[in-house]
Amino acid sequence: MAPSSVFAVGFVLAFLSLCFSTASADIVETSFIVKNLTVNRLCQNQVITAVNGSLPGPTLRVKEGDNVIVHVFNQSPYNLTIHWHGVFQKQSQWADGPEFITQCPIRPGGNYTYRFNLTGQVGTLWWHSHVQWLRATVHGALVIRPRDGQKYPFVKPYREDTIVLGEWWNANVIDIENAALATGAAPQISDAYTINGWPGDLFNSCRSISNNTYRLDVVPGKTYLLRIINAALNTQFFFKIANHNLTVVGADAAYTNPYQTDVVVIGPGQTTDVLLTANQAPGLYYMAAHPYASAVGGTFNGNTTTAIIAYQNATSQTTTPILPILPAFNDTPTAHKFSSNLTALVTSPFWSSVPQTVDEDMLVTVGLGLSPCGSNQNCSGIFGQRFSASMNNHSFALPSTISVLEAFFRNVSGVYTDDFPNQPPLVFDYTNNSNSFNQDGLLMAPKSTSVKKVKFNSTVQVVFQNTALIGVENHPMHLHGFNFYVLAQGFGNYNATEASKNFNFVNPQERNTIGVPVGGWAVIRFRANNPGVWFVHCHLDVHLPWGLAMAFLVENGGTPESTLPPPPADFPKCT
Ligand code: C2O
């Protein structure tokens with residue numbers, strides 16, 4: 001045998017053994033071309049920024065364990081990043097995406113390749129831009145199926161589909177955000193909600209080709225897995241399908257015990273996987289969503305977005321579908337029942353038990369406030385000031401010259417402080433809104449870039465406590481880099497002695513985003529087993545720029561696997 005063929009055989013054997021050892025993990029590689037395009041919605045043309053020319057953007061379909069490579073080309077006029085919402089980013093921390101937390105944005109004309117692995121995560125996640133309000137149109141689904149040889153822990157669905165709930169403005173969302181930030185006002189509310197990019201039939205002032213409705217054809221008797229994602233900027237939804245019950249089997253890419261319900265409540269950032277069986281009389285049925293608007297006296301768009309479930313053998317394919325009756329906008333009992341009844345499927349191969357001890361015990365207030373208008377300026381927030389928001393009286397401000405993660409990695413001082421407190425600076429009657437405007441010192445939380453530093457592998461418990469300053473509201477709080485366990489939720493001021501009696505240590509739902517009950521609290525716990533800088537924020541994009549955020553800085557753990565690697569070669573430059 002000639003030396004060259006010996007080499008070839010050896011190479012082939014090495015290649016095969018590589019294939020066998022990672023039998024079911026693939027590399028999924030794709031490109032995102034991000035640019036402006038004109039679309040027609042609500043009977044008018046609108047320029048939006050979108051990925052690969054579609055709204056929602058492309059669905060990434062992968063298997064658990066796969067390696068994902070996404071080349072992002074920013075051909076839009078805006079700064080851009082992509083966040084892989086819910087992905088742990090172990091050993092790929094530089095791919096997480098929030099601007100000035102993880103990375104500086106990809107400038108117009110620039111590009112960056114996101115590389116990460118999806119081991120230990122199955123279900124529905126999604127991706128979205130993490131720069132200003134761009135995610136209104138820059139988002140899409142990330143569907144993670146079990147790896148080869150593994151199954152769903154529920155009946156195999158006949159088909160799967162993604163249902164992306166969105167929010168639409170007849171305007172440029174970046175302009176809307178900037179206009180509001182300039183005056184300190186609350187931003188203009190949206191003009192419609194969408195299902196898979198379309199407002200639906202109830203916006204029938206303009207029935208035309210441009211006002212399409214999403215339609216799902218079903219075969220009678222078959223069971224479908226619907227992966228529902230709330231990609232709306234500022235709206236929590238009630239979601240129903242007329243005459244059909246749903247069985248929740250997963251949330252935020254973690255399996256749940258099967259939970260039967262006729263309504264799903266879903267906040268921005270959350271995903272809910274449900275089974276739908278086409279077991280009703282053949283016909284047309286609407287799926288519909290409208291806001292769960294928890295803020296008392298808040299302004300919102302009360303429209304309903306719809307899509308159609310069409311039975312294959314329905315005699316008429318054009319009659320008006322049956323519309324479900326959605327809960328009232330302020331039906332907090334229904335919202336709370338749904339979100340507090342989900343439990344984890346502990347027989348899942350990805351389940352690990354709840355840490356029983358707590359190293360960092362935190363009570364963190366979350367809510368709105370004001371910030372000073374500034375001299376010689378005119379502001380349109382309450383009292384002529386600017387709307388603001390804070391956690392533990394710290395109103396988060398993003399750095400602007402380097403990301404917090406890079407500042408940590410390179411030991412750059414002056415970018416952030418690590419003084420985020422474990423407790424609110426002042427104990428007060430958090431949820432009593434009758435005296436809220438008297439809490440002057442608390443209304444005006446100072447702006448800072450304050451992180452909470454924790455040791456690698458420490459266990460962290462956070463009680464998110466909603467405050468009633470300015471107004472009470474359900475805040476969907478999202479943690480990057482981890483799933484957390486939801487141990488308990490309730491209303492009023494948190495009382496540790498009472499609440500801890502009801503902690504669920506057995507099968508608490510595992511999530512990355514929790515709607516903190518309006519005028520109430522939620523207790524989460526996680527193990528900080530991922531070094532890096534992990535953003536924590538309200539997923540209502542109206543509150544994020546106001547400062548409703550903080551970050552965890554998880555220190556290195558001393559082994560190669562527990563050490564933050566250096567940034568990749570193409571990491572976007574900040575200047
Ligand atoms: Cu889905 Cu920081 O966000």
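## The interface of domain 2 and domain 3

About 2200 Å² is buried between domain 2 and domain 3, and carbon and sulfur atoms give 49% of that area. Buried area is the accessible area (1.4 Å probe) that two parts lose on being put together, summed over both. The model is predicted: local features need pLDDT of at least 70, side-chain atom pairs count only at pLDDT 80 or more, and totals for chains, interfaces and linings use all residues. Residues are numbered from 1 along each chain as its sequence is written, and side-chain values use heavy atoms, with hydrogens and water left out.

The protein is divided into domain 1 (3-145), domain 2 (159-340) and domain 3 (360-562). These bounds come from an automatic or database domain assignment. The C-alpha centres of domain 2 and domain 3 are 28 Å apart. Domain 2 puts 28 residues into the contact and domain 3 puts in 31 residues. Contact means heavy atoms within 4.5 Å.

One salt bridge is counted between domain 2 and domain 3. The term covers a side-chain nitrogen of Lys or Arg within 4 Å of a carboxyl oxygen of Asp or Glu. Asp252 and Arg511 form a salt bridge through their side chains, at 3.1 Å from N to O.

On the side of domain 2 that touches domain 3, α2 (173-183), β15 (254-261) and α3 (332-341) each give two or more residues. Helices (H or I, at least four residues) and strands (E, at least two) are DSSP runs, numbered from the N terminus.

## Asn230

Asn230 sits in strand β12 (residues 223-230). Its relative accessibility is 0%, so Asn230 counts as buried. Buried means under 20% relative accessible area, exposed over 50%, partly exposed in between (1.4 Å probe, protein chains only).

The Asn230 side chain reaches the backbone oxygen of Ile266 at 2.9 Å. Beyond four places in sequence, the contacts of Asn230 include Trp126, Leu165, Phe237 and Pro268.

## Val39

Val39 belongs to strand β1 (residues 27-41). Val39 counts as buried because its relative accessibility is 13%. Beyond four places in sequence, Val39 is in contact with Gln44, Asn45, Gln46, Ile48 and Trp168.

Technical notes: A polar contact is a pair of N or O atoms within 3.5 Å; within protein, one must be able to donate a hydrogen and the other to accept it, and residues adjacent in sequence count only if both atoms are side-chain atoms.
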